[in-house]
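Trainee: I've got this one open on my screen and I'd like to talk it through. Can we go over it together?

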Amino acid sequence: MNSSTQAGARSALKRSVLPQGSVRGARGAAQAAPRRAPAPRSGTRTTNWAGWAFLAPVTIYLLAFYAYPMYRNVELSLRHYTVRSFVHGGAPFTGLDNYRKVLSDPAFGPALTHTLVFTGVSILCQFWIGMGLAVFFSRNFRLSATLRALFLVPWLLPLIVSASTWSWMLNSDSGVVNHVLHGLGIAPVDWLTSPTWALASVTIANIWIGIPFNLVMLYSGIQTIPSDVYEAAELDGATAWQRFWKVTFPLLRPVAAITLLLGLVYTLKVFDIIWIMTKGGPAGSSATFATWSYQLGFGNLLPEFGPGAAVGNLLVVMALAFGLIYVRAQRKQREA
Amino acid sequence: MRNSRRLRPARWKTVVGLVLTGLMLFPVYWMINESLTRDQDMRKTPPNWFPVHGTLDGYRAVLHQQMPYLGTSLFIGLGTVALTVAVAAPAGYALGKLRPRGGGVLSFALLMAQMIPGIIMAMGFYAIYLNLGLLNGVPGLILADSTIAVPFGTLVFAAFMSGIPEELLQAAKTDGAGQLRTFWSIVMPVSRNAVVTVSLFAFLWAWSDFMFANTLDSGGRSQPITLGIYHYIGNNNQQWNAIMATAVVASIPATVLLVIAQRYVAAGVTAGAVKD
């Protein structure tokens with residue numbers, strides 16, 4: 001009973017993230033899951049009734065505050081809305097026009113590229129830096145627990161705090177980053193105000209924010225690798241480098257896959273950092289799907305709700321596709 | 001001999017660890033440093049690496065200008081916590097313990113709900129709130145903010161509560177307690193750690209939310225601190241010490257969480273094997 005989906009909910013991190021806690025997923029994402037308790041096979045009529053009585057609030061909640069806004073969004077994307085019809089209703093149904101409009105928009109190509117570059121570079125850097133740190137912290141040393149906890153700080157800070165701090169650090173004239181570059185004999189860079197560097201700037205800030213998540217996930221994964229495997233490798237004379245590639249990395253692959261997939265889903269939807277630091281600019285040079293969608297809907301004097309919603313829905317499809325792959329990967333890992 | 005061989009690399013590692021942590025936390029240090037810097041030193045070359053001429057002007061500005069924002073954020077945070085726990089705890093009990101037929105579908109829905117980008121939700125909420133007249137108000141923002149925490153909370157409660165020993169519930173049943181009573185007088189008190197964990201994160205996320213606030217409350221009279229900072233950046237570009245001071249103050253809940261949650265989160269997680 002209980003259908004196989006619960007397996008999907010069952011956390012791959014059950015054994016992995018536990019030491020660090022249930023702070024799974026960057027910013028709000030959790031997938032804790034019912035641990036396999038030795039619960040009796042319930043499913044009698046009364047528990048079914050009681051169960052759904054207890055589930056009623058969350059079911060209503062999901063329908064009202066998840067399903068309905070999503071539905072509204074789909075509806076927005078299929079009609080031609082003006083400010084007037086947005087308020088008073090009566091927008092004509094236009095089918096896929098908004099999607100066609102968005103796809104043929106000259107901003108579409110750049111936004112797609114930026115989304116892919118931002119996501120890809122962010123994830124790769126976060127993952128490998130997180131991996132390096134996880135391996136580094138994997139053997140306890142003095143203060144290691146405290147330092148590891150301190151590494152969580154960037155993740156817990158409000159995004160507006162991180163974003164405004166980075167904005168100030170990257171300020172062209174007075175930012176500390178350019179001061180340091182100047183000290184190294186490098187000419188100052190217009191981080192946030194030049195189209196060449198804006199995307200790099202927001203990516204750097206985003207990498208900084210994402211490192212703790214990768215560190216926590218991978219560290220917990222490493223903790224589950226039995227130490228005798230390492231001892232055997234050591235006896236065979238494996239170097240640290242070999243130990244990592246021949247032991248740690250292969251055994252970590254399932255956890256790594258889940259970390260990457262979750263990272264992918266969360267990075268696709270990053271909005272705050274970019275919006276606060278550059279608003280997707282200058283001239284759209286750091287606009288991703290997330291900020292472009294918002295720009296269309298709320299950023300201009302004349303809002304284009306329909307196209308904005310259409311871009312947003314494309315983003316949902318991308319996020320959910322990777323989300324499904326993630327659930328599958330998780331289930332596979334659990335079965336393995 | 002073995003010991004002495006182990007000791008040396010360990011000390012070396014501590015030094016490297018300190019350096020890495022220092023690098024990682026440099027932006028946080030810089031935020032604090034800048035929050036204490038005098039106006040006239042803000043654009044100095046080279047910058048002051050330490051707050052040698054430290055001033056509390058920035059914090060005075062926070063005290064004078066940002067208190068209402070902080071109050072609103074506090075209220076929104078607490079409201080979000082209440083709503084989240086009220087919705088998520090019973091659901092967690094059902095998914096973790098009662099396991100009704102079809103509950104797996106709901107778990108799956110909760111899992112997927114977390115993948116939906118926030119801007120999509122924000123846009124949908126905007127359209128709905130506009131018609132309901134909930135825009136620019138605190139209640140609407142509490143509702144929207146809770147969507148970040150409810151799926152997470154439900155799954156955490158489910159994980160935690162599935163670990164409550166069956167005998168405990170059976171005993172309550174034998175004493176004639178109904179499901180509601182069992183939930184309220186047995187399950188909830190035993191799940192205190194899960195309540196604390198979920199509450200802490202619900203609070204932190206509501207406190208940190210910028211997107212919903214900017215979309216749904218940008219014209220409101222009571223706005224949260226995230227918008228306070230955002231307006232600050234837009235309005236007075238010169239007063240970066242005040243901006244950074246606000247940022248420091250806005251980071252306090254995160255810091256508190258890190259200190260407290262270390263214990264509670266660990267407790268919440270290991271409590272699957274709760275004994276008493």
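Trainee: Is chain B compact or spread out?
Mentor: Its C-alpha atoms fill a box of roughly 75 × 75 × 30 Å along the principal axes. For 276 residues the globule rule gives 19 Å, but the radius of gyration of chain B is 23 Å, well over that, so compared with a compact globule chain B is more spread out.

Trainee: What share of chain B's contacts join residues at least 24 apart?
Mentor: Buried residues make up 53% of the 276 in chain B. For contacts, take those in chain B between residues at least 6 apart in sequence; the share joining residues at least 24 apart is 79%.

Trainee: Which helix gives the most to the side of domain 1 of chain B that touches domain 2?
Mentor: Chain B is divided into domain 1 (2-57) and domain 2 (59-273), with 32 Å between their centres, taken over C-alpha atoms. The contact takes nine residues from domain 1 and nine residues from domain 2 of chain B. On the domain 1 side, four residues come from the top contributor, helix H2 (residues 26-35) of chain B.

Trainee: And how many of the residues on that domain 1 side are charged?
Mentor: Go by class. The side of domain 1 of chain B that touches domain 2 of chain B has four nonpolar and two polar residues, and its charged residues number three.

Trainee: Which residues have the most contacts inside the largest nonpolar core?
Mentor: That core has 170 residues. Helix H7 (residues 138-161) of chain B gives the most to it, with 15 residues, and the core draws at least three residues from each of domain 1 and domain 2 of chain B. The residues with the most contacts inside it are Val265(A) and Phe157(B).

Trainee: What does Phe157(B) touch?
Mentor: Leave aside its neighbours within four places in sequence. Among its contacts are Ala88(B), Ala89(B), Ala91(B), Gly92(B), Tyr93(B) and Gly96(B). Phe157(B) is also in contact with Ser191(B), Ala194(B) and Val198(B).

Trainee: Which helix gives the largest share of the side of chain A that touches chain B?
Mentor: Here 95 residues of chain A are in contact with 100 residues of chain B. On the chain A side, those residues divide into 61 nonpolar, 28 polar and six charged. The largest share, 20 residues, comes from helix H2 (residues 45-78) of chain A.

Trainee: What is the mean pLDDT of chain A, and which element of chain A has the lowest?
Mentor: For chain A the mean pLDDT is 82, and 87% of its residues reach 70 or more. Residues 1-43 of chain A stay under 50. Where pLDDT is low, the predicted coordinates should not be read in detail. Among the elements of chain A, H5(A) has the highest mean pLDDT (94), and the lowest (30) belongs to helix H1 (residues 5-9) of chain A.

Trainee: Why is helix H8 of chain A described as largely enclosed?
Mentor: Across chain A, 49% of the 336 residues count as buried. In helix H8 (residues 159-169) of chain A, eleven of the eleven residues are buried, so the rest of the structure largely encloses it. The buried residues of H8(A) include Leu159(A), Trp168(A) and Trp166(A).

Trainee: Which residues does Trp166(A) contact beyond its sequence neighbours?
Mentor: Trp166(A) sits in helix H8 of chain A. It takes 20 or more other C-beta atoms within 10 Å to count as buried, and Trp166(A) has 27, so it is buried. Leaving aside neighbours within four places in sequence, its contacts are Ala205(A), Met277(A) and Pro27(B).

Trainee: Last one: what covers the buried residues of helix H14 of chain A?
Mentor: Nine of the eleven residues of helix H14 (residues 289-299) of chain A are buried, so H14(A) is largely enclosed by the rest of the structure. Among those buried are Phe289(A), Trp292(A) and Tyr294(A). The cover includes helix H5 (108-138), helix H13 (272-277) and helix H15 (305-335) of chain A, together with helix H6 (118-132) of chain B.

Technical notes
Residues numbered from 1 in each chain as written. Chains lettered and ligands numbered in written order. Predicted model: local features only at pLDDT ≥ 70, side-chain atom pairs only at ≥ 80, totals over all residues. Buried ≥ 20, exposed ≤ 12 C-beta atoms within 10 Å, placed from the backbone. Helix = DSSP H or I, 4+ residues; strand = E, 2+ residues; numbered from the N terminus. Contact = placed C-beta atoms within 7 Å. Core = buried A, V, L, I, M, F, W, Y, C linked by C-beta atoms within 7 Å. Domains from an automatic or database assignment. pLDDT = per-residue confidence, 0-100. Nonpolar A, V, L, I, M, F, W, Y, C, P; charged D, E, K, R; others polar. Rg over C-alpha atoms; globule rule 2.2 N^0.38 Å.
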